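Let's take a walk through this protein together. Have a look at the picture first, and then we'll go from the overall build to a few details.

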Amino acid sequence: MSNLSDIRKFNTQEHYLTLGGLFLAVSIAIFSVAVLLMADTPLTYFLVLVLLVVTLIPVFIGIASKSFDIFELIYPISAIYFLYFGVRTLYILNFPADLHLMYWGHPPTIDFDIINLTLGYTIVGFVFLLIGYCSFIPKIMCKSLPRLRLLKSSLHGRGIVKKIYLIYAVGILFRLILLSRGLGLFMLPEGADLTFLNIMQVLSGFAIFGYALYSIWLFSSSKITKRKLIPWLVMLTIEAGWAFLSGWKGAFIPLVGIPLIAYHYLRQRLSIWRILLPATVGILILIFVIFPVINAYRVIVWGEGPVVSVGEFLSHMGIVHDKLRGYSWSEFQQISLRPFMNRMVGLDSFSMILMKTPEAVDFQMGGTLRYFFIAWIPRVLWEEKPIIDIGRWFAVNFFNQPPGIQNSMAIMNIGELYLNFHILGIILGMFFLGIIYKIAYLYFVKYGKASAISVFLYIFVFFGLINIEGSIATIPVILLQTLFLLFLISWFLKIKISGNHMGTGIARVEKVP
């Protein structure tokens, strides 16, 4: 009987793989013929298609093995790589003047040979990322890791909700302190006390931790009542208001992503079809509401200085409303869709690295990665600690930005790997990143059995690792520092361990079976 079941399972997998392979083969054939007949740059279009194919491989593997999990790290990372390089290339082919729009002064001329080389290296890098992700190494490494018993914990114990409220209130308090000093925004005032700023930013982060904890508690409850839902809606409104006030577009992503991940793992799994409509609506809101509003708000703040009160923020928003209402539809597209497309700068950054290295900037040979060893040291203990801002260094050296400007440029993981060790950096670095992504998913979701606390930890690991824009040197430092805080918060909650035992606050260690 088991043999018959295995045969049926094998046939089902073969069915999916056959259909997927047939679809890809026909698509490649039709697309290639059309491109060769009509396009002026057939190789560029073909490379975009190849990138699409390799980023879809994880999806077909997941469907064929019946293990597709929409919030498994490989799927959003695949989508981000195609957006930042594939979709961006298609956009530039139609609007070439927008390539390197962030360059100060007249940007250097880049022909399609550089763009094609950028796409080629990206394809190679993603293939090695996928090889590392699908290899046997992550499973072996994950099984050798000690697993805290805390990962089996739930959020249903006496006084848990009150403690969640307290955590959230602490974050709101320190946000107000930041706001009163003009430090709660996307821009950093001149002469700001960096030690004070870092401490306040860490403590203000308790608000998003509280929001995540309440979302997890809500969606892991046996029944969602109006009494439970209202506090969550209040938190959601506050977090949305803070995202607008701070001027950070990226703050809206975890705002929506946190409850989705919590609902997915703790209440009901979301298929790609069920999430397609809300995701589409969310993207449209991001493009046509958040981008134009935040961009107009930033212009006002740059002109009038930091916001130091909620009343001042509301006044600025009134100006933004009046300004946006006066635009025609064509003008509105220029401040919504165009900035959104120009935000996906993977192609821009990596192509500039390929063009300027090593002619204008030497290969760093690990130079940008050295900050990994000093980023751990708190600024409280080292007041003269240098400002670690690789994005600003990258903007100055590759995009001709004046040194005094407070702006940075996304270096991209793959671009930084190439900048340090050429093609070998891409091959080994992306392979290693693939291993890290898979270990994170296995440890917190598969081996953590998607309990409340394992999901709580995975949420912030998820948002930390899908950041392919940042520096490889600083991302793991920030991520591990965040995890340290999350473990302290979990201890504070005195989580109820699965079974009938109350947590003692001491995390027991056991091997993964």
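What follows moves from the whole chain to its aromatic rings, its cysteines and a spot on its surface.

One thing to keep in mind from the start: this is a predicted model. So what is it built from? The protein has 19 helices and two strands. It runs to 513 residues, and 47% of them count as buried.

Now for the rings. Searching the whole structure turns up 29 aromatic pairs. Take Y103 and F399: their ring centres are 6.3 Å apart and the planes meet at 55°, so this pair counts as tilted. The two residues come from distant parts of the chain, 296 residues apart. Y103 sits in the loop between α3 (74–94) and α4 (112–134), while F399 sits in the loop between α16 (390–398) and α17 (413–446). Both Y103 and F399 are buried.

Y165 and Y214 make another pair, this one stacked, with 5.9 Å from centre to centre and 20° between the planes. This pair also links distant parts of the chain, since Y165 belongs to helix α6 (residues 160–180) and Y214 to helix α8 (residues 206–219), 49 residues apart. Are these two buried or exposed? Y214 has a relative accessibility of 1%, so it counts as buried. Y165 has a relative accessible area of 36%, so it is partly exposed.

Rings can also gather in groups. Y81, F85, Y121, F126, F350, F363 and Y418 form one aromatic cluster.

How about the cysteines? A search of the whole structure comes back with zero disulfides.

Which residues make a nonpolar surface patch? L277, V281, I285 and V289 do, and the patch covers about 340 Å². One of them, I285, lies in helix α11 (residues 272–304). With a relative accessible area of 41%, I285 is partly exposed, and a residue needs over 30% to be part of such a patch.

Conventions
Residues are numbered from 1 along each chain as its sequence is written. This is a predicted model: local features need pLDDT of at least 70, side-chain atom pairs count only at pLDDT 80 or more; totals for chains, interfaces and linings use all residues. Side-chain values use heavy atoms; hydrogens and water are left out. Patches are made of residues with over 30% relative accessible area and no salt bridge: like charges are joined within 9 Å, nonpolar side chains (Val, Leu, Ile, Met, Phe, Trp, Tyr) within 5 Å. Accessible areas come from the Shrake-Rupley method with a 1.4 Å probe; for residues, only the protein chains shown count as cover. A salt bridge is a side-chain nitrogen of Lys or Arg within 4 Å of a carboxyl oxygen of Asp or Glu. Helices (H or I, at least four residues) and strands (E, at least two) are DSSP runs, numbered from the N terminus. Buried means under 20% relative accessible area, exposed over 50%, partly exposed in between (1.4 Å probe, protein chains only). A disulfide is a pair of cysteine sulfur atoms within 2.5 Å. Rings of Phe, Tyr and Trp (its six-membered ring) pair if their centres lie within 6.5 Å; planes under 30 degrees apart count as stacked, over 60 as edge-to-face and the rest as tilted.
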